[in-house]
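Reader: I am new to this structure. Please take one part, the aromatic rings, and walk me through it closely. Then set it beside what else can be described.

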Amino acid sequence: MIGFWDYTVWLTYLSLLSAFCGVLVTLHGNGHPFMGAFFLMFCGLCDSFDGMVARTKKDRSQMAKDFGVQIDSLADLVAFGFLPAAIGDGMLRAGAQLSDVPHIRSGQPTIFLFAIMMFYVLAAMVRLAYFNVTEEERQKMTVGSRKYYIGLPVTISALIFPTVLLFQYVLPQDVTYAYFAVLLITAFLFLGKFRVPKPKLKEILVLVGIGGVEFVILLILRTIISYRGR
């Protein structure tokens, strides 16, 4: 088969499959956005270490390296572009199976909210494509790894949107519209022309730790509320 199938790409493939499962779960039936958030966080975990894993293989060909760059961006578009937008749609359509989570607004997306979802996905795609072409130019001119990013990396979505959903459990207000506000702000930050320092290993581990805490808290709260609803 065409493509590359060694261990250097496994995490990227897992991220894409997780994102695909997240979209299906979120949009299935009347929607299940909170389950989609768990898949989103797993995508973030995979993306945090896929580059490190790939660099452990020293004999990779240039084609294998280029292939890794391309599939990483393609997987990121689904995981951190489409999935967060799908979660927003799922929050609007969430039905009876989420009756144990209070304050979920039930209904169909308005044209304005639908436009926000489309803009978010578009911004994520532009951000990823721009990163790819600028990285190619940078590698032609300099040697070494990148020190900073231009604009907010799309992978931060794995922390931002589960945090918003976490507030749904603890606030008396419905956070659905707040989710869309964050979606819009994040889209603009993807396209912003400002520098974001590239995190080092210690900072990556801190971010992964934060995501792990969010995952556990969401899981505990959902388990408790589901148990009370029986």
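Author: Start with one term: a residue is buried when its relative accessible area is under 20%, and exposed when that area is over 50%. One caution comes next: the model is predicted.

Now the rings. A pair of aromatic rings is described by the distance of the centres and the angle of the planes. Searching the whole structure gives 9 aromatic pairs. Take phenylalanine 161 and tyrosine 179. Their ring centres lie 5.2 Å apart. Their planes meet at 45°, so this pair is tilted. The cut-offs explain the label: planes under 30 degrees apart count as stacked, over 60 as edge-to-face, and the rest as tilted.

Where do phenylalanine 161 and tyrosine 179 sit in the chain? Phenylalanine 161 belongs to helix H5, residues 157-170. Tyrosine 179 belongs to helix H6, residues 176-191.

Tyrosine 179 has another partner. Its ring also pairs with that of phenylalanine 180. Here the centres are 6.2 Å apart. The planes stand at 75°, so the pair is edge-to-face. Phenylalanine 180 is buried, as is tyrosine 179.

Step back to the group. Which residues form one aromatic cluster? They are Tyr120, Phe161, Tyr179, Phe180 and Phe190.

Next, the second largest pocket. Its volume is about 220 Å³. Two elements give two or more residues each to the lining: helix H4 (111-141) and strand E1 (148-150). H4 gives the most, with 5 residues. Sorted by class, the lining holds 5 nonpolar, 1 polar and 5 charged residues.

Last, the charged contacts. How many salt bridges does the count come to? The count is 1. Aspartate 59 pairs with lysine 57 in a salt bridge, and their closest N and O atoms are 3.3 Å apart. Are these two residues buried or exposed? Aspartate 59 is exposed, because its relative accessible area is 59%. Lysine 57 is partly exposed, with a relative accessible area of 25%.

Keep the ring picture in mind: tyrosine 179 pairs with phenylalanine 161, and tyrosine 179 pairs with phenylalanine 180 as well.

How values were computed: Residues numbered from 1 in each chain as written. Predicted model: local features only at pLDDT ≥ 70, side-chain atom pairs only at ≥ 80, totals over all residues. Heavy atoms only, no water. 1 Å grid on protein atoms, 1.4 Å probe; cavity = no way out; pocket = protein on both sides within 12 Å on 5 of 7 lines; lining within 4 Å. Points joined across faces, edges and corners; volume = space filled by probe spheres on them. Helix = DSSP H or I, 4+ residues; strand = E, 2+ residues; numbered from the N terminus. Nonpolar A, V, L, I, M, F, W, Y, C, P; charged D, E, K, R; others polar. Phe/Tyr/Trp six-rings, centres within 6.5 Å; stacked < 30°, edge-to-face > 60°. Buried < 20%, exposed > 50% of the residue type's maximum accessible area, 1.4 Å probe, protein only. Salt bridge = Lys/Arg side-chain N within 4 Å of Asp/Glu carboxyl O.
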